[in-house]
Amino acid sequence: MILRRVLIANRGEIALRILRTCRRLGIETVLAASDADLASVPARLADRVVRLGPPPPSASYLDVDAVLAAAKTAGADAIHPGYGFLSENQRLAQACAEAGIVFIGPTVEQLAAVGDKLEARRHAIAAGLPVVPGGPLDNPGDAARLAAEIGFPLLIKAVGGGGGRGMKQVHDPAALAATIDLAMAEAGAAFGDPRVYLERFVATGRHVEVQLLADGENVVHLGTRDCSVQRRYQKLIEEAPAPVIAPALREEMHRAAVALGKHLEYRGLGTVEFLVDVDRGTFYFLEMNARIQVEHPVTEAITGLDLVAEQLAVAEGRSLSFGQADVSFSGHAIECRINAEDWARDFQPSPGTVTEAVWPLGEGIRIDTHLQAGATVPPYYDSLLAKLIVHGRDRDEALARLRGALARCAIDGVSTNTALHQAVLEEADFVEGGVDTAWFTRFLRDHPATPSTDTAGSAAGGGSRG
């Protein structure tokens with residue numbers, strides 16, 4: 001099936017990113033936008049806009065019926081859900097199939113296989129991947145026995161959780177039973193599913209993931225990404241390839257990710273996330289994300305591929321146009337997420353009107369953003385304003401370009417975290433590469449921000465802009 005008209009059921013920079021590739025390929029775009037986004041840059045650039053509903057996500061971007069109705073109204077061949085919102089929603093994928101609309105993503109069965117953490121863990125084991133020691137807690141009475149097998153400290157994780165939500169650490173066996181009761185109660189209230197499971201807590205771990213592309217039969221990997229710089233499990237900086245990984249371990253991770261993709265007969269883009277246990281020199285499967293990821297540009301930078309175009313080709317039912325041997329990697333790429341938030345006020349969101357937005361240009365620099373001067377940053381959604389991506393011949397060159405590019409960013413009217421990124425780049429540990437997921441917490445402890453640091457919103461530093 002040749003796609004001629006795609007409904008983009010998302011907003012912000014990813015909506016514009018999808019729109020850009022569709023336009024290059026001659027595919028008409030229809031943006032499904034909430035009332036808060038009807039005047040946004042993506043809405044102005046789309047071929048057509050369909051109102052989705054009021055600003056709250058539950059009444060617009062998370063409303064399956066509204067999204068499907070928008071696609072039918074627009075006469076769209078397909079829905080691209082982007083990331084977040086309904087990107088891994090089985091009900092939307094099923095509704096698309098029943099309506100004869102292509103869901104740009106994996107099948108309903110594949111979404112089910114990786115959407116439930118216990119089910120994903122079962123598939124990973126079946127595919128031969130190492131998983132973090134642990135297991136489901138079918139009966140709270142078995143907790144002490146299971147915990148003794150895993151060892152302390154351990155994590156209690158909600159089956160329905162994600163993005164760091166629904167996790168609790170337990171260091172003291174005496175606190176295990178009470179913490180499980182609390183975790184189950186909170187999981188039931190937050191996710192509608194009280195099930196939890198136990199896992200070993202890996203204190204010194206790195207978050208390294210492998211990008212997959214597959215057509216249901218052929219599976220290729222597109223290398224690793226390191227996403228270890230996180231605050232409360234939310235990624236801030238990503239880079240490709242993951243630095244300071246032994247070649248043998250990297251290849252082993254590639255093989256494991258491809259094995260899972262083949263086991264699932266996967267179709268589309270997918271990311272297999274691993275926890276690299278630095279102390280033990282090994283890795284464990286964490287989860288698989290069945291969608292395009294925020295950090296996909298760093299993979300595009302080192303492979304030269306357009307991942308949205310590859311998604312569209314697979315959605316049309318085409319086989320991959322290349323094999324593993326055709327994938328080559330060039331240089332090093334780093335991405336900073338520029339958010340509308342105030343580091344000096346415990347990362348408080350900073351909605352408002354942008355009075356100035358100047359982005360850096362230059363060799364090896366890419367900006368993915370929907371933001372212009374005069375744009376409104378609404379309070380209803382994620383605070384991501386832009387992604388600054390740099391690419392260099394090696395990591396040192398990429399870091400140098402990132403420092404220069406950040407110094408030339410100027411966003412006024414809302415507070416941003418650009419000064420925070422600049423401070424991270426001054427840290428010897430980060431410059432050396434290979435920091436673990438606990439590193440950023442230590443960085444914040446050692447670098448308490450003051451209200452004068454970034455309240456004006458602009459990045460510090462001089463140099464010419466643009």
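In this predicted model, the buried residues of helix 12 pack against quite a list of neighbours: strand 12 (234-240), strand 15 (332-339), strand 20 (365-369), strand 22 (384-392), helix 13 (418-425) and helix 14 (428-432). The residues of helix 12 that count as buried are R395, E397, A398, L399, R401, L402, A405, L406 and A407. Helix 12 itself covers residues 395-407, 13 residues in total, and its first and last C-alpha atoms sit 18 Å apart, close to the 18 Å expected at 1.5 Å a residue. At its N-terminal end, helix 12 gets a cap from D394, with a side-chain oxygen of D394 lying 3.3 Å from the backbone nitrogen of D396.

Strand 22 turns up again in the second largest pocket, where strand 22, helix 2 (41-45) and strand 21 (376-377) each supply at least two residues of the lining. This pocket holds about 280 Å³ of space. Its lining is made of 22 residues, and S40, H370, A375, T376 and V377 are the ones nearest the centre.

Helix 1 is mostly covered, with 10 of its 13 residues buried. Those buried residues are G12, E13, I14, A15, L16, R17, I18, L19, T21 and C22. Just after helix 1 comes G26, which takes a positive phi of about 80°.

Note on methods
Residues numbered from 1 in each chain as written. Predicted model: local features only at pLDDT ≥ 70, side-chain atom pairs only at ≥ 80, totals over all residues. Heavy atoms only, no water. Helix = DSSP H or I, 4+ residues; strand = E, 2+ residues; numbered from the N terminus. Expected span 1.5 Å × (residues − 1). Buried < 20%, exposed > 50% of the residue type's maximum accessible area, 1.4 Å probe, protein only. Contact = heavy atoms within 4.5 Å. Polar contact = N/O pair within 3.5 Å; in protein donor to acceptor, adjacent residues only side chain to side chain. 1 Å grid on protein atoms, 1.4 Å probe; cavity = no way out; pocket = protein on both sides within 12 Å on 5 of 7 lines; lining within 4 Å. Points joined across faces, edges and corners; volume = space filled by probe spheres on them.
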